[in-house]
Amino acid sequence: MKATRVHHQKPARTIAGLLLVVLTATSLGACAAVSQASDTTCPEGGIRFGADSSGNPAELEDAYAAFGDALAEELGCAVGVRIFDSHAGEVEAVENGELEIARFSALGYAVAAERVAVTPVVTFGMPNGNLSGYTAGIWVPADSAVTTPAQLEGRTLALGAEGTTSGDLLPRGALADANLSPDQVRISYAGGGAAALDALRNDTAEAAVIDSRTLAAAVADGRFDPDVHRQIWESGVIPNDPIVLSPHVDEELAEAIVEALLDVPPEAIEQVAASAGVDPGGKLVGVDEVTYAEVVALVDSSGIGEEDV
């Protein structure tokens, strides 16, 4: 059963306030702001940074080691990284005050925020400095009679991984918007975006959900020809994975962490950004709760809970 969203009492800091401090300090030429703040705010034992284990754990460890080292240099404070094998474990660690910073997927953040008052502060940026994001799409063969999601009734639809934003939550929302119940469409979970794409390409599904990141990679390596397929639905832009602050972080440390995150050079987060589908990427960019409001609303209305992430 879906739990009612808890309206947490937010800490005194806000993302707008944190970024205002950063921008003000920069405009005044306060180059030593981070190091001066970290002299008084760095916790004993340093900063603890958590991430989930989606992808190759060994590669993630190397990627986050480079990211952690760069963040430590910017912050003037030791940074230790912990890779979690479950979403629930990472949320529990934040809740118990065992992490100062954590990275979640957009969906993972929306679910985590029901349990603990985490604050999204940055995500992965593009080389031009813009916020990165992606879309979900439903694709069919070009010669298919299907032109709208409503016409998928009685047809086979390959979704990605169960409980994911682009591969499950958003396309099921599109079916609901078309007044189709789950039992009116022959839905199968392929296990991921690439597998769903292959199901369409190999004619084992009449339609498939393909996110824009998976699509671009498949087109680039010749596995998918968009000229022989047609997109019948596309979601709005889904913001990429947020890095969040724990509610246990005090305001002074929060300001220093945000400033340091925004200053981490792109080459230090290249591998971590690639794991979020941002390749090539740029520096981290600021976000807040409003950035993820649509995903939060979808989680609230869809019945997605912690057991689904």
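Reply: A residue is called buried if its relative accessible area is under 20%, exposed if that area is over 50%, and partly exposed in between, with a 1.4 Å probe and protein chains only. The model is predicted, so local features are used only at a pLDDT of at least 70 and side-chain atom pairs only at pLDDT 80 or more, while totals for chains, interfaces and linings use all residues. Residues are numbered from 1 along each chain as its sequence is written, and side-chain values use heavy atoms, with hydrogens and water left out.

As an example of these words, Pro 280 has a relative accessible area of 55% and is therefore exposed, whereas Ser 166, with 10%, is buried. In the chain as a whole, buried residues make up 47% of the 309 residues.

Two strands are said to pair if DSSP finds at least two bridges between them, and in general strands of a sheet pair through backbone hydrogen bonds, either parallel or antiparallel. Here five strands form an open sheet with mixed pairing, in the order E8-E7-E9-E6-E10. Strand E8 (186–189) and strand E10 (229–234) are at the edges, each with a single partner strand, so one side of each has no neighbour in the sheet. On average, neighbouring strands of this sheet are turned by 30° against each other, with direction ignored; such angles are taken between axes, which are lines fitted to C-alpha atoms (for helices over the stretch in contact), and they run from 0 to 180 degrees between N-to-C directions.

Within the sheet, strand E7 (residues 156–159) and strand E9 (residues 207–211) run parallel and are joined by two bridges, and Leu 157 stands opposite Ala 207 in E9. Contact means heavy atoms within 4.5 Å. If neighbours within four places in sequence are left aside, the residues in contact with Leu 157 include Ile 138, Leu 152, Leu 175, Ile 187, Ala 207 and Val 209.

Helix H6 (residues 165–177) lies across strand E6 (136–141), E7, E8, E9 and E10, and runs at about 145° to E7. Helix H7 (residues 193–201) lies across E6, E7, E9 and E10, and runs at about 145° to E9.

In soluble globular proteins, nonpolar side chains tend to be buried together. A nonpolar core is a set of buried Ala, Val, Leu, Ile, Met, Phe, Trp, Tyr and Cys residues joined through side-chain atoms within 4.5 Å. The largest such core has 42 residues, of which Tyr 109, Ile 138, Leu 152 and Leu 157 touch the most other members. At least two residues of this core come from each of H4, H5, E6, E7, H6, E9, E10 and helix H11 (293–302), and the largest share, six residues, comes from H5. A second, separate core of 36 residues includes Ile 101, Val 121, Phe 124 and Leu 245.

One of the contributors to the largest core deserves a look of its own. In helix H4 (residues 87–95), the buried residues are His 87, Glu 90, Val 91, Ala 93 and Val 94. Seen down the axis of H4, these fall within an arc of 160°, so they line one face of the helix; the arc is that of the directions from the helix axis to the C-beta atoms. The elements that cover them include E1, E2, strand E3 (101–103) and helix H5 (106–112). Among these, E1 and E2 pair in the parallel sense over six bridges, and E1 is also joined to E3, in parallel, by three bridges. Phe 49 stands opposite Ile 101 in E3, and Ile 101 belongs to the second core.

Conventions: Helices (H or I, at least four residues) and strands (E, at least two) are DSSP runs, numbered from the N terminus.
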